[in-house]
Amino acid sequence: MADTSMTETQMARPQIAGTQTEGEPGFSDFVQLLKPRVMSLVVFTALVGMVVAPVHLAPVSAFTAILFIALGGGASGALNMWWDADIDAVMKRTARRPIPAGKIAPGEALGFGLTLSAISVVMLGLATNMLAAGLLAFTIFFYVVIYSMWLKRTTPQNIVIGGAAGAFPPMIGWAAATGSVSVEAWAMFALIFLWTPPHFWSLALFMNSDYSAAKVPMLTVTHGKRSTRRHILAYTLIQAPVALALGFTPIGGWVYLATSVVLNAGFILGALLIVRRDEATAQADKYRVEKKVFTFSLAYLFLHFGALLVEAVLRGLA
Amino acid sequence: MSYFKPDHEIYRRRFSRNVGVGVALAAFVILSFFLTVEKVTQGNPMRSIKGEGFAVTAEDQAMKDALKASQGTTGASN
């Protein structure tokens, strides 16, 4: 995992200046450590990956699989919070997370994350199959080691490559049901993978001071906002055909295609509005358009996977 | 100070954590039980309730049927 471009300081475990763990953490503090909002995305996409698969799991196995995919995702979130506690303390958006807030000691978060990771992988393997368990283990490794420890602090492409970690859940859901990975699983992976950069870059446009203060080399910090706006448009243009292509696989259909056409048109329109704006205009209206595109991008992903779910229900009724 | 409800913040947090861990462990035990039942009965819990134990795959069942059929044939010829 060592990279020659990384300094010893970057490789060293982060120190959180002035943070003290007072009292004892409550149960809700450990829940916060799992990044519940990210978990909701993991649960939903993994569930869709499992439901649209041609083979179906028995109910308890399916429930167990979703539960431990979600907990595995949460565990990687806890490990990410342990490693990034120093930058979380600097950024306004993350300063109230349990470790920088002093509610949970870094060592506790590390132990919690590692234990939960191991339990999640073992239980998913027992409930479904070794391929799904292996993919979950790789996802946790990718998010914690490749993204958090390596890419996040070293390259403006952090979110592009790191986006793969968030793209794995539907593939794990599919693998849990079928025991294999096919073109449909890769198509769902590609959709989330290409959605991640414009989603986070639109966030970075109005949270730039946070990343700048934390010295995280987001594209907005290293290449400026002008370049980031162009990157958002480029990725939405690349994303559109990939999203539509999913509609032509056996899990797609007319409902998905119609939804995808509307959503991609909306996302491209939003990206065009972003690229036409300059920083002065954006600051004047407090990044109104950028915030709208960020919110729209969340709906974009949920509605795409929702449409896949509808297609699966329609196939079941036919 | 109430005996059952310590009013200090530290006790409240410790209590919430203990309850959370207890509930999580209980849920894990229940989930493991039902997962085991499902695994050993091929998703048919009624077979477990009736005491019809271990899992039988389609291949196992086909082999059993074939064996029974061949024994039946042998028995008939004898």
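Of the 78 residues of chain B, 3% count as buried, whereas buried residues make up 50% of the 318 residues in chain A. The model described here is predicted, and the predictor assigns the complex an ipTM of 0.77 together with a pTM of 0.83.

Chain B contains three helices and zero strands, and its elements, read along the sequence, follow the pattern α-α-α. The mean pLDDT of chain B is 74, with 59% of its residues reaching 70 or more. Where pLDDT is low, the predicted coordinates should not be read in detail.

The contact between the two chains takes eleven residues from chain A and 13 residues from chain B. On the side of chain B that touches chain A, five residues are nonpolar, three are polar and five are charged.

Chain A, in turn, has 15 helices and zero strands. Its C-alpha atoms fill a box of roughly 60 × 50 × 40 Å along the principal axes. The radius of gyration of chain A is 20 Å, which agrees with the value near 20 Å that a compact globule of 318 residues would have. Of the contacts in chain A with a separation of 6 or more, 75% are accounted for by residues 24 or more positions apart.

The domain assignment divides chain A into domain 1 (28-179) and domain 2 (182-318), and the centres of these two domains, taken over C-alpha atoms, are separated by 21 Å. Their contact draws 28 residues from domain 1 of chain A and 25 residues from domain 2 of chain A. On the side of domain 1 of chain A that touches domain 2 of chain A, helix H3 (36-51), helix H5 (85-90) and helix H8 (158-178) of chain A each supply at least two residues, and H8(A) gives the most, with twelve residues. By class, this side of domain 1 of chain A comprises 17 nonpolar, seven polar and four charged residues.

In soluble globular proteins, nonpolar side chains tend to be buried together. The largest nonpolar core of the model has 98 residues, and those with the most contacts inside it are A:Met50, A:Ala65, A:Ile69, A:Ala78, A:Leu124 and A:Ile172. Helix H9 (residues 183-206) of chain A contributes the largest share of this core, namely 14 residues. Because domain 1 (28-179) and domain 2 (182-318) of chain A both give residues to this core, it lies between them.

Most residues other than glycine have a negative phi, and most peptide bonds are trans. A:Lys35, a residue other than glycine, has a positive phi near 50°; this residue is found in the loop between helix H2 (27-33) and H3 of chain A, and with 19 C-beta neighbours inside 10 Å, A:Lys35 counts as partly exposed. A positive phi, of about 55°, also occurs at A:Tyr287, which is not a glycine. A:Tyr287 is placed in the loop between helix H14 (279-284) and helix H15 (288-317) of chain A, and A:Tyr287 is buried, because 21 other C-beta atoms lie within 10 Å, where the cut-off for a buried residue is 20 or more.

A further loop residue, A:Lys92, is located between H5 and helix H6 (106-127) of chain A. A:Lys92 is exposed, with 11 other C-beta atoms within 10 Å. From C-alpha to C-alpha, A:Lys92 and A:Glu184 are 39 Å apart in space, and they are 92 residues apart in sequence.

Definitions and conventions
Residues numbered from 1 in each chain as written. Chains lettered and ligands numbered in written order. Predicted model: local features only at pLDDT ≥ 70, side-chain atom pairs only at ≥ 80, totals over all residues. Domains from an automatic or database assignment. Contact = placed C-beta atoms within 7 Å. Helix = DSSP H or I, 4+ residues; strand = E, 2+ residues; numbered from the N terminus. Nonpolar A, V, L, I, M, F, W, Y, C, P; charged D, E, K, R; others polar. pLDDT = per-residue confidence, 0-100. Core = buried A, V, L, I, M, F, W, Y, C linked by C-beta atoms within 7 Å. Buried ≥ 20, exposed ≤ 12 C-beta atoms within 10 Å, placed from the backbone. Rg over C-alpha atoms; globule rule 2.2 N^0.38 Å.
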